Amino acid sequence: MLMTVVPFLIREDWLAKHKQKVKQYAGNYERMVWSKVITPLTTNTIVEKLPIESARDCFRRFSLELNDIYMKQSMWIISDSKLRDDIKISLSKRILPAYRTL
């Protein structure tokens with residue numbers, strides 16, 4: 001009996017609207033939080049060869065920001081496996097290219 005009532009309680013348009021909100025929140029999360037990690041890597045990518053001290057400083061700031069975010073978020077849980085995978089993929093697409101340029 002309950003299974004037949006559920007489709008009437010949660011309509012497709014409501015689900016689509018809220019899925020879009022979740023994607024928007026995830027995008028905002030990536031921009032706000034992970035830009036701190038990416039910024040040290042992208043600030044000096046114009047220079048072909050960085051002096052050793054500048055490269056050390058970039059990686060030091062990257063490491064500090066990454067550790068800070070890890071400590072704050074290591075206990076977070078994203079129960080939706082698709083959303084969790086989407087966030088992982090999106091972050092790796094942003095971080096890895098910046099990291100590899102140095």
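The legends below describe close-up views of a predicted model. Local features need pLDDT of at least 70 and side-chain atom pairs 80 or more, while totals for chains, interfaces and linings use all residues. Residues are numbered from 1 along each chain as its sequence is written, and side-chain values use heavy atoms, without hydrogens and water.

**View 1. The aromatic pair of Tyr 29 and Trp 76.** The count is 1 aromatic pair (ring centres within 6.5 Å, using the six-membered ring of Trp; planes under 30 degrees apart are stacked, over 60 edge-to-face, the rest tilted). The rings of Tyr 29 and Trp 76 are tilted, with 6.1 Å between centres and 45° between planes. Tyr 29 belongs to helix α2 (residues 12–42) and Trp 76 to the loop between α3 (52–73) and α4 (81–101), so the pair links parts 47 residues apart in sequence. Helices are DSSP runs of H or I, at least four residues, numbered from the N terminus.

**View 2. The largest nonpolar core.** This core has 12 residues, among them Tyr 29, Trp 34, Phe 62 and Leu 91 (buried Ala, Val, Leu, Ile, Met, Phe, Trp, Tyr and Cys joined through side-chain atoms within 4.5 Å; buried means under 20% relative accessible area, exposed over 50%, partly exposed in between, with a 1.4 Å probe and protein chains only). Helices α2, α3 and α4 each supply at least two residues, and α2 gives the most, 6.
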